[in-house]
Amino acid sequence: MAKKGNGKQKRGQGKAQSLLRQNLKIDEPSRIQITQALQNFRASNDQVYTFEANLSKSERALVHQLSLKMGMKSKSSGKSKNRRVSVFKTKMKVDTDSGLDSLPHFSFSGEAQETLGDLFTHYPPGYGDSWEQMVGYYNYRTDKPKQIRDDTFKRPSISSADIRKKFEAYINKKNRDPHLMKINTIRSKLPIAAYEDAIISAVKSNQVVLVCGETGCGKTTQVPQFILDDMWGKGEACKIVCTQPRRISAISVSERIASERGEIIGGHIGYKDEIHERDRYSDFMMAIIRDMLPSYPHLRLILMSATVDAQRFSQYFGGCPIIVVPGFTHPVRTFYLEDVLSIVKSNKDNHLGNTKSNKDNHLNNDDHEFSVEDKLCLDEAIDLAWSNDDWDPLLELISSKGSPEIFDYQHSLTGFTPLMVFAGKGRVGDLCMLLSIGADCQLRARDERTALDIAEQENQLEAAEILKNHMGNASSNSKEGETLLDKYLARVNPEIVDVVLIEQLIRKICTESESGGILVFLPGWDEINKTRDKLLQSPFFSDSKFSIICLHSMIPSTEQKKVFLRPSPGCRKIVLSTNIAETAVTIDDIVYVIDTGRMKEKSYDPYCNVSTLQSSWVSKASAKQREGRAGRCQPGICYHLYSSVRAASLPDFQVPEIKRMPIEELCLQVTDIFWQLALQYFAEQ
Ligand SMILES: Nc1ncnc2c1ncn2[C@@H]1O[C@H](COP(=O)(O)OP(=O)(O)OP(=O)(O)O)[C@@H](O)[C@H]1O
């Protein structure tokens, strides 16, 4: 219910609403700079921040707009060239004496009411299909106290002889069943396969082990199996409990592991659903487990992540060993907003084939006239560098004949260029030298890999970063892209998801390619609905050739699982998802990923005194995860719907939820858990 306000208040609210809706013509770098200045000010202890007098009228308007969103006040003062805008932190006063009426009330906008109505009609609020599986739910009105007997951490009571029998049966099946034999070949090629012994021996001699595995290395699906095989091989029983941040990943990972072992869910492998996303709980749980470890010497804790601050975590757990595993994804080509605008604008079917590809076996140097001798000489120099680390012949050729034909020469057999060799070997200095004289980083070897793919696969992280930046800069420097971007940003607020552009891009992908699933990352249910409606309104998408699937944590598991089904031949899968499809989820037919760069983030607004769920920019780590979803099972393409300038300004990691939220809320929830345990204790007496 909205609080009744007087006329002045209403006018103020109206003004604020129209300010928030205003579309401001500001270039991307200035928008990013102003946003960052305000975020830094907000995080500081300062009470007032005054911008320089060089801001334009639109930029000052942006300061007002953002300040309002962030719960701060802003005011401009001074005339013409001396006009400056200042921002002030304000704390809302809560008058506790005057009762409930004085508390802030809020009302839903018409649009939000419609969205909620739609959501609750499709998926009525409740606890979904996981409710019955909850352990220890106690309804104090109707139930007798149920016993919260959770044997999760108990060792299974099974004899050594039975375990050996099970293991033998598994090994036999693994060596004979064609499905398992095929899957085992795939498993053995995952980067983590080479680390099996190292992981097992680290777990044997340490209570806590940290596995820092890059995305796609196989940590989620393989490490539990390494441990199980080791224990069963010794005839020992064990129970392995894996936590996942999302219901969908818990279910799909356990199903994948079961399938890799030729089993079905409910035997040796299973899952137990929780209802809420558990980020800050897992942080809290880690604190508790650390204290528990000395009392339970048989307990092992294995922390696995692609993105943690390894040294810090290791330190927290008394210097536990860290095992670093390189990742694997098939090559993923990336485009940013400026490229997407050109792609969508173009009438030609060109973007899926516009990078140089060697599918027709055509090498860059086939267009130049090289003598047989020259070719032999260049091939040998590349071979010597790649296989023997003998760099002199190649460097000499480049410096003596520093022309594009030489530095973009492709080896007759492999198609490797000097740039690829420097990238794959991590010769950062030589790599930069070649880039600075104009070497082409888009060229592809015979196996379709670019210099960047090679650097990534050889784990040359610095070289890969340099190439990525260079490619990002090169594409953003393209004149057409820049002009289109400027025009676009003059009429579209980049923080609002542009469903028109998404529809145009999906249509373009579907016109230019015949198959391949499309996964779109959107911040929330509202944007998922809007995108679905936009697609369905278009005659292009209104036939049975498209299967549009929405993925959101509120959707029941049975619905979520449809995302993994292959569509019938001739039908294209389009998945509209929040970031729940970002980690530990493999949708094996996804080839195209569209990343809006936006996500919903729960945080606490100390100035308004409320917890908020806001749409914000993702971190670089998330953007990389999203990109990786396109290359899980085959090469793919990722379209980021934000500029490459914006991409470079994203924070490396998201701030952990436990740091964003007030600790009081967590304390209350923990107290609630203890209260339930106390109830159980007394019920058992
Ligand atoms: N359901 C599946 N269908 C097909 N392939 C799968 C499936 N699950 C996993 N894979 C394959 O196994 C590889 C490793 O998956 P896994 O989830 O173990 O990696 P990870 O290191 O945990 O990655 P991430 O950190 O990105 O979640 C995937 O890249 C994919 O090739």
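Let me begin with a term: a residue counts as buried when its relative accessible area is under 20%. Please also keep in mind that what you see is a predicted model.

With that cut-off in hand, consider helix α8, which runs over residues 219-233. Of its 15 residues, 12 are buried, so α8 is largely enclosed by the rest of the structure. The buried residues include Val223, Phe226, Ile227, Leu228, Met231 and Trp232. Lys219 and Asp229 are buried in α8 as well. What provides the cover? Among the elements over the buried residues of α8 are the helices α5 (160-176), α6 (178-189), α7 (196-205) and α9 (247-260). The strands β4 (208-213) and β5 (301-305) also contribute to that cover.

As for its geometry, α8 reaches 20 Å from its first C-alpha to its last, close to the 21 Å expected. After α8 comes Gly235, and the phi of Gly235 is positive, near 75°.

Let us now turn to the chain as a whole. The protein chain contains 27 helices and 14 strands. It has 685 residues, and 43% of them count as buried. How much of the contact pattern joins residues 24 or more positions apart? Among contacts with a separation of 6 or more, such pairs account for 76%. The accessible surface of the chain is about 37500 Å², and carbon and sulfur atoms make up 53% of that surface.

Rolling a probe the size of a water molecule over the atoms shows where empty space is left. In this structure there is 1 cavity of 30 Å³ or more. The largest cavity holds about 120 Å³ of space. Its lining consists of 14 residues, and those nearest the centre are Tyr488, Pro494, Ile496, Asp498 and Leu641. By type, the lining comprises 10 nonpolar, 2 polar and 2 charged residues.

Helix α21 is mostly covered, with 10 of its 14 residues buried. Val499 and Ile502 are among those buried residues. Both of them are touched by Thr531, a residue of helix α22 (525-537). Is Thr531 buried or exposed? Its relative accessible area is 1%, so Thr531 is buried. Beyond its sequence neighbours, Thr531 also touches Leu522 and Leu576.

Most residues other than glycine have a negative phi. Ser80 has a positive phi, near 30°, and is found in the loop between β2 (72-77) and β3 (84-89). With a relative accessible area of 67%, Ser80 is exposed. Asn459 likewise has a positive phi, near 60°, and lies in the loop between α18 (451-457) and α19 (461-477). Asn459 is partly exposed, at 38%. Asp390 is partly exposed, with 31% relative accessibility. Leaving aside neighbours within four places in sequence, Asp390 is in contact with Leu384 and Ala385.

Thank you for your attention.

Terms used:
Residues numbered from 1 in each chain as written. Predicted model: local features only at pLDDT ≥ 70, side-chain atom pairs only at ≥ 80, totals over all residues. Heavy atoms only, no water. Helix = DSSP H or I, 4+ residues; strand = E, 2+ residues; numbered from the N terminus. Expected span 1.5 Å × (residues − 1). Buried < 20%, exposed > 50% of the residue type's maximum accessible area, 1.4 Å probe, protein only. Contact = heavy atoms within 4.5 Å. Areas by Shrake-Rupley, 256 points an atom, 1.4 Å probe, with all protein chains shown as cover. 1 Å grid on protein atoms, 1.4 Å probe; cavity = no way out; pocket = protein on both sides within 12 Å on 5 of 7 lines; lining within 4 Å. Points joined across faces, edges and corners; volume = space filled by probe spheres on them. Nonpolar A, V, L, I, M, F, W, Y, C, P; charged D, E, K, R; others polar.
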